[in-house]
Amino acid sequence: MSKLTKNQKSAVEKIEAGKAYSLKEASSLVKDITFTKFEASLDIDVRLGVDPRKANQMVRGVVTLPHGTGKTTRVLCICTPDAEAAAKEAGADYVGLDEYIEKIKGGWTDIDVIITMPSCMGKLGPLGRVLGPRGLMPNPKSGTVTMDVAKAVKEVKAGKIDFKVDKGGIVHTSIGKITFTPEQIYENAKEFIQTLIKLKPAAAKGTYMKSIFISSTMSKGIKVDPKSVVD
């Protein structure tokens, strides 16, 4: 078994075993236990008391983080010519139609989000095998299939993210960067968690928020007391 480095020992000592911290405490502590030489991402994992195998207990939604994600989101807007100018002005990195459909068919997926119009979905549908596994297929539920593509582009660039509970009942997403202030981390995390609370399925019984953990890239997870988030 490898020995712990000086920084790893310091991180372990700062976290009290078995303790559930308040969200504010965790938002500050995660910075104290991160020693990466690169700008680490901040992640949140929430285990929900739902059965994702049942359609009436599926949890999926979108949230706009108050302070964004801290990373540049590359947006491709597949739209008709009349909407191209507005999409470009809104900040889309790539805008077009048939030329990008062909690029994707050729294997190009150097993007983070695709936003499109309902009338263009027919051309994107056949690309499901390429886009689906990469989480790039536009979906009306996530707001990426819309007539107002300019608005959708602005929201994504401002920090809008979509999330979905996995088969284990866990929702995992990134809520920022370690360079964020504790207050920014707290506000982003709180916005995300409260969005999950609003999406609680009526069919879900018992404890809805079973556990919450915040961590940074390569750091130890910090357990958060769900009660510290609910107003």
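**Exercise 1.** How many bridges join strand S3 to S4, and do the two run parallel or antiparallel?

*Solution.* A word on the model to begin with: it is predicted, so local features need pLDDT of at least 70 and side-chain atom pairs count only at pLDDT 80 or more, while totals for chains, interfaces and linings use all residues. Residues are numbered from 1 along each chain as its sequence is written, and side-chain values use heavy atoms, leaving out hydrogens and water.

Step 1: recall that strands are DSSP runs (E, at least two residues; helices are H or I, at least four), numbered from the N terminus, and that two strands pair if DSSP finds at least two bridges between them.
Step 2: S3 (residues 75-78) and S4 are joined by three bridges and run parallel.

**Exercise 2.** Which residue's side chain joins that of Ser41 in a polar contact of 3.2 Å?

*Solution.* Step 1: find Ser41 in strand S1 (residues 41-48).
Step 1: leaving out residues up to four places away in sequence, Ser41 touches residues including Ser174, Lys177 and Thr217, where contact means heavy atoms within 4.5 Å.
Step 2: the partner is Lys177; a polar contact is a pair of N or O atoms within 3.5 Å, one able to donate a hydrogen and the other to accept it within protein, and residues adjacent in sequence count only if both atoms are side-chain atoms.
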